Amino acid sequence: MSADALGAEADGFFDMLEERRRSSDLSYAFRSFNPLPYRGATDISASTLNRMVLESQYLSYVIQEIMLESDEPREMLLEEASALLDEMSQNLQLGFIRLLGYAMNKVFKSVFSSIHVNEDGLTRLQQAIQEYPVILLPNHRSYMDFLVLSYIMFTYDLSIPVIAAGIPLMGMKLIGEIFRRSGAFFIRRAIGSDKLYWAVLSEYVRTIVRTGYAPLEFYIEGLRSRTLKSLTPKLGMLHMVLEPFFKGEVFDISLVPISISYERVLEESLLAHELLGVPKPKETTGALLKARTVLKENYGCMHVFFGNPVSVRDLVKGKINHRQYNLVPRDLPMKPSKEMQEFVSGLAHTIIRLQERNVVLSAWNLMAVVLLQNLQGIDLDLLTQKTLWLRRLAQRFGAHLRWPENVSDSEVMSSSVSLHHSVVRCEGGRVYLVEEEGPGPVTQEEGVFKQAAAVLMCASYRNQAVHVFTRPAMVAVAMTTAASHRTDDIFHNFTFLLELFSNEFVVIPGQAVQDFEEGCSLLQESGVIGRSDEEIYVKDNGQETIIFLRAILQPFIESYQVVFRYLCEESSQTLSEKMFSTNIRSFIMKLLISGEVQSYECLSSDLHKNVLSALLRMDAVTKTKV
């Protein structure tokens, strides 16, 4: 499955807020709403859906298994299943969608200058919804993602989706209930080996897909990305939604990758502090009301790109043998085979690559790349020059850029600086990162913490663009570190980097050769490298690009090296995860103060987690439950 074959051109956007600004919020909320439903749908209520789950043969079978294992009576287990379903299930009601539509209209018009949606994507989605069950797969960068798709679908008469949400949202007084009645169903974060919970959840999800109750929306990354970079996909939910297809209960399923991009993210400061170990605030109604001050700011543009619907039936051809499913009755649980697990994993990674491919970048994302290579500050003129150079490179690498038309380049730059006043300031023609103001004198550690928070905020915006440069940058690093110019030597180093960073950047399993080819081709087409049968060399005018691309990966390389150093030098042979995160942070803090380490990104807790995952995968460390 190549992401190229499924990609789409990001043009034909329109600003959906333009029309909203011209009409009243009340008339918008109470307009007639006539979506065209899925042709195979059975028209059922939320309570009927729940009853179908509780009366299913599948759940009955699992309860029977648990009874044999635990001696709990059947009635008690059924009661427990019913209580789990009450906690979990959505109760979608049009009245609440109207209420939410009214509120969202006010909020979106206040915080965003525009919300751009690709028109052809909406047309394709409308068609897909009528033909087969549809699964909406957006990336997850902000709490706003949760509401924006329902808002768009209500606005354009598309069936409102039911949405998989984390259980903390349910605990918000009043708001949790509004979300539930707007289509949210709530999933516990840690399910572990709770057999009954798994059974209720998977049967609930399969029944939604099987009956065509509504389009189903979930985040394939599982969590909101705190770094604004794509996360390695979680596969549990995808297995659940695909099962009705493999068991022959539906003819096909359409998967729709959706890319949501923000010019400025509401939670930018919160995310940076979370990465530095500041606990995430509890999701409560009170916290939401306190956050209203955030809504007085301007957050620029949002882009929502609805990708081409991907047919599961087409993807499976020649890859999976359906017959294994025909041998087991539909109602019985079935452990996915190894080939099925590999297929689902490859599919999930491909979906994320499609989301990345259709992300729309702003001038600011490119400015952030340049700013992070000039932490001492940079003249605005030079920043403009370098950003325009990077814009040409990014476009050659296939990036989708929103660059305002009929506006001078200097105006684009200065308006980006003023929009991101919380991250950068311009003084005397030079641009610097902004550090938080605080009371009184600060210790060295507090000084480093403030600088790190500023760098991580800026890095989150670079991260939105990093996928564009990842593969060419890995080729650039591999060329610099290889023993010779031989393609084999360079490929060897490239595959090591790909393996090492496959928690950092999304890598489709088993596609190292294609990734290497893509990286080399982009560099060759941009006139950076030349290739002969057996060698790759940097062209005279390509040196600047190679140095620049290497610098993009430098913070990641340095962070991994520092963690390796800590594990070799400081740590005892075994340590707990909690101890590791505290100790590594103070170890890095000392190195930053002494100047031995340059990159403040080394303090990011997500990077530490990713290094450990990489080492576990590469058998360099082992993990045991105590």
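The largest cavity is lined by 19 residues, of which Arg141, Ser230, Glu356, Asn463 and His467 lie nearest its centre. Here a cavity is a set of points, on a 1 Å grid over the protein atoms alone, where a 1.4 Å probe fits but cannot get out, and lining residues have an atom within 4 Å of a point. The structure is a predicted model, in which local features need pLDDT of at least 70 and side-chain atom pairs count only at pLDDT 80 or more, while totals for chains, interfaces and linings use all residues. Residues are numbered from 1 along each chain as its sequence is written, and side-chain values use heavy atoms, with hydrogens and water left out.

The volume of the largest cavity is about 200 Å³, a volume being the space filled by probe spheres set on the grid points. Two or more residues of its lining come from each of β7 (254–262), α18 (338–357) and α23. Such helices (H or I, at least four residues) and strands (E, at least two) are DSSP runs, numbered from the N terminus. The lining divides into 6 nonpolar, 8 polar and 5 charged residues; Ala, Val, Leu, Ile, Met, Phe, Trp, Tyr, Cys and Pro count as nonpolar, Asp, Glu, Lys and Arg as charged, and the others, Gly among them, as polar.

Helix α23 gives the most to this lining, with 4 residues. The helix covers residues 466–481 and reaches 21 Å from its first C-alpha to its last, close to the 22 Å expected at 1.5 Å a residue. A kink of about 35° is centred on Pro472 in α23, the bend being the angle between axes fitted to the seven residues ending at a residue and the seven starting there. Of the 16 residues of α23, 14 are buried, that is, under 20% relative accessible area with a 1.4 Å probe and protein chains only.

Strand β2 (residues 114–118) is also mostly covered, with 5 of its 5 residues buried. Ser114, His116 and Asn118 point one way from β2, and Ile115 and Val117 the other way. Strand β1 (residues 13–15) runs antiparallel to β2 and is joined to it by 3 bridges; two strands pair if DSSP finds at least two bridges between them. Strand β8 (residues 301–306) pairs with β2 in the parallel sense over 4 bridges, and Met302 in β8 is the bridge partner of Ile115.

Elsewhere, an open sheet of 3 strands has the order β11-β14-β13, with antiparallel pairing. β11 (378–379) and β13 (424–427) stand at the edges, each with a single partner strand, so one side of each has no neighbour in the sheet.

Technical notes:
Expected span 1.5 Å × (residues − 1). Buried < 20%, exposed > 50% of the residue type's maximum accessible area, 1.4 Å probe, protein only. 1 Å grid on protein atoms, 1.4 Å probe; cavity = no way out; pocket = protein on both sides within 12 Å on 5 of 7 lines; lining within 4 Å.
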